[in-house]
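Subject: Structure for you to look through

Hello,

Here is the structure I promised. Please open it and keep it beside you while you read my notes.

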Amino acid sequence: MNRGAWGLLVLLLLSLNVKADDVSFKLTGLKGDLKDNTQVYLKQLPPIKVEQLPRFRKDIQEAVITSLQALGYYSPDIEIIPDKDRPKRVTVNVQAGQPVRIRTLNIELKGDSQTDPQFASLVSQLSLHQDDVFQHDTYEKTKASLLSLALTRGYFDAQYQQHQVQVHPADHAADVNLIFNSGPRYKFGELQIDSDRPVARLLDPLVDITAGEPFLANKVSDLSRSLSSTEYFRRVEIQPLVGSANEQHEIPMSVVLRAKADNEVEVGIGFSTDEGPRISTSWDKPWINSLGHSLQTNLKISEPKQDISVIYKIPRDNPLENYYTVQGGYQMLDQDDTKSDRIVASIHRWDKDIGDWTRDVFIRSEFESYTQGKQEDESFLLIPGVSYKRTRVRGGLNPVWGDAQLATLELSEPWWGSDTRFIRLFGRTKWLRTVGKGQRVIARAEQGAVWVDEVDELPPSLRFFTGGDMTVRGFSYQSITPVDDNGDRLGAKYATALSLEYDYKVAEKWRLATFVDTGTATNDYTESWKVGTGLGVRWQTPVGPVRVDLAFGVSEEHVPMRIHFTLGPEL
């Protein structure tokens, strides 16, 4: 071993020896929160060597006293006892004594808050009560809650005239006195709009602020969120100009808006076991004119499917809740037993209703030239319909609660120009619930039905298939369907899929899952349903969860095995 290596080893041994000389504490006499808090304070002390213990006795005592005072115990008895056999082991024995309780509590409101019912409600719900053990954090939270409510309700001059606690350790008592002067409540003034685009038509249905009404912070945040959600703006800033308030305490509101670029282009890549690798790109014109019209063009390419779509959006009133879209697109599909060229044009009226339901009333025309198995045909359809959907989520990209529903009704009749008469219904629901610490259950059900004389009168895009990543795992994409004599897939009049999944959090961004799926696509429900089950891994990323499942088609005599890979939101 060379001289440098020996030197490094000696330094390492010396560092270990120094650490070994440090005193460790054994805390006795306390339980629960008192013990936990005291241990936290003791751990914050600097390293103490055995020979330094007499010099640090006062620091140890102060750490214990401070930790207990925070929880209302001001008269502890503290013993610091070195272990004769193990000098580096020190017992700190503490008897907390009687706690200090709140003897008198005076919370007095002054200013306009005296007549504000929200302040009366807050005071009645405070955690600070007479005869309770006095705890510093509860006292500080009480002070902060009054100031926080004041700011959210427009009391910008609010302050404490007096905030005092007198502790009498000998009497085990504390006297608390809080005098809170809110001053006047400010009101909304005029909106001062600074925008690089004409926005009056867009702002009117979004603004829920009237000059002269009492200030509410949530109205400001709601307006900011609404303006950002329109996707017209890259910058949204709304600030109350308190320093410019008039004699009536009306505050002008500064609204700064900067529009997005005239053209925005995005490119993305993805992968799923149903389609394999895919690339997508979008070109957006978020602001075409002062009426808020916008244009979006999407291109998606994978080995089996290529499609391009154009969406022109026209706000009717509130751009977030009421608008029209004119859509067009072309799709080319070559997958398994299906080959299709499809051209679509449609007009949609969108309305967001109470309860977060979005209604889409539409009329769609589509021409499809296709080969399905041995069948080669063309179809022109004019399809009016209506769709309802809703998604509710708590927890963001890693949800702890949520559900999503979709229901669609479509009609077609020869007397208005369609080649085929049919009624088509499709519905899907999905539920996510947390059932214990780190545990979630995800349930899914979907049902489709089309009433038509013969299924081969429909183009493949309107027939039902199931199987794959999002329906019955363990089976390939759209492989569950009636087949002809050659084994070619035909599509069906009906489809049902059910799923139940349980996952458990094993690390900060990792979950393990187990699941069972079942379903069928059929013309008469005489066939046995397919069943898939397996295990999965979930990895939480900044763009949503990555899900990898190993699934087995256990309903088959020769059990198929498939790996399913998906990326995206769970609802």
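Which residues form a negative surface patch? They are Asp-377, Glu-378, Asp-419, Asp-453, Glu-454, Asp-456 and Glu-457. One of them, Asp-377, sits in strand S17, residues 375-394. Asp-377 has a relative accessible area of 35%, so it counts as partly exposed. Keep in mind that this is a predicted model.

Salt bridges

Side chains of opposite charge can pair when their charged atoms come close. A search of the whole structure finds 35 salt bridges. Here are some to find.

Start with Arg-258 and Asp-194, whose side chains meet at 3.2 Å, N to O. Arg-258 belongs to strand S9 (residues 250-259) and Asp-194 to strand S7 (residues 187-195), so this pair ties together parts 64 residues apart in sequence. Arg-258 is buried, at 18% relative accessible area. Asp-194 is partly exposed, at 36%.

Next, look at Arg-316 and Asp-351. Their side chains form a salt bridge of 2.7 Å, N to O. The pair links distant parts of the chain: Arg-316 is in the loop between S13 and S14, while Asp-351 is in strand S15, 35 residues apart. Arg-316 is partly exposed, with 24% relative accessible area. Asp-351 is buried, with 6%.

Then go to Asp-517 and Arg-473. The closest N and O atoms of this salt bridge are 2.7 Å apart. Asp-517 lies in strand S22 (residues 510-522) and Arg-473 in the loop between S20 and S21, so parts 44 residues apart in sequence are tied together. Asp-517 is buried, with a relative accessible area of 0%. Arg-473 is buried too, at 5%.

Salt bridges also join into a network. Its members are Arg-342, Arg-364, Glu-366, Glu-368, Glu-410 and Arg-424.

A charge without a partner

Asp-307 is in strand S13, residues 305-315. Asp-307 is buried, yet has no salt bridge. The nearest side chain of opposite charge is Lys-305, 5.5 Å away. A salt bridge needs the nitrogen and the carboxyl oxygen within 4 Å. Leaving out residues up to four places away in sequence, Asp-307 touches Asn-298, Leu-299, Lys-300, Tyr-330 and Gln-331.

Buried residues

Where is Pro-459? It is in the loop between strand S20 (439-451) and strand S21 (494-507). Pro-459 counts as buried because its relative accessibility is 1%. Beyond its neighbours within four places in sequence, Pro-459 is in contact with Glu-366, Glu-368, Tyr-370, Ser-379 and Leu-381. Pro-459 and Leu-381 are 78 residues apart in sequence, but 9.5 Å apart in space, C-alpha to C-alpha.

Leu-30 is in the loop between strand S1 (24-28) and helix H2 (32-43). Leu-30 is buried, at 6% relative accessibility. Its contacts, not counting residues up to four places away in sequence, are Lys-35, Thr-38, Leu-68, Val-94 and Ala-96.

Positive phi

Most residues other than glycine have a negative phi. Glu-231 has a positive phi, near 65°. Glu-231 is in the loop between helix H7 (217-229) and strand S8 (233-240), and is exposed at 53% relative accessibility. Asp-336 also has a positive phi, of about 55°. Asp-336 is in the loop between strand S14 (322-335) and strand S15 (338-352).

Best wishes

Technical notes. Residues are numbered from 1 along each chain as its sequence is written. This is a predicted model: local features need pLDDT of at least 70, side-chain atom pairs count only at pLDDT 80 or more; totals for chains, interfaces and linings use all residues. Side-chain values use heavy atoms; hydrogens and water are left out. Helices (H or I, at least four residues) and strands (E, at least two) are DSSP runs, numbered from the N terminus. Buried means under 20% relative accessible area, exposed over 50%, partly exposed in between (1.4 Å probe, protein chains only). Contact means heavy atoms within 4.5 Å. Patches are made of residues with over 30% relative accessible area and no salt bridge: like charges are joined within 9 Å, nonpolar side chains (Val, Leu, Ile, Met, Phe, Trp, Tyr) within 5 Å. Accessible areas come from the Shrake-Rupley method with a 1.4 Å probe; for residues, only the protein chains shown count as cover. Lys and Arg count as positive and Asp and Glu as negative; His and the chain ends are not counted. The place of a charge is taken as NZ of Lys, CZ of Arg, CG of Asp or CD of Glu.
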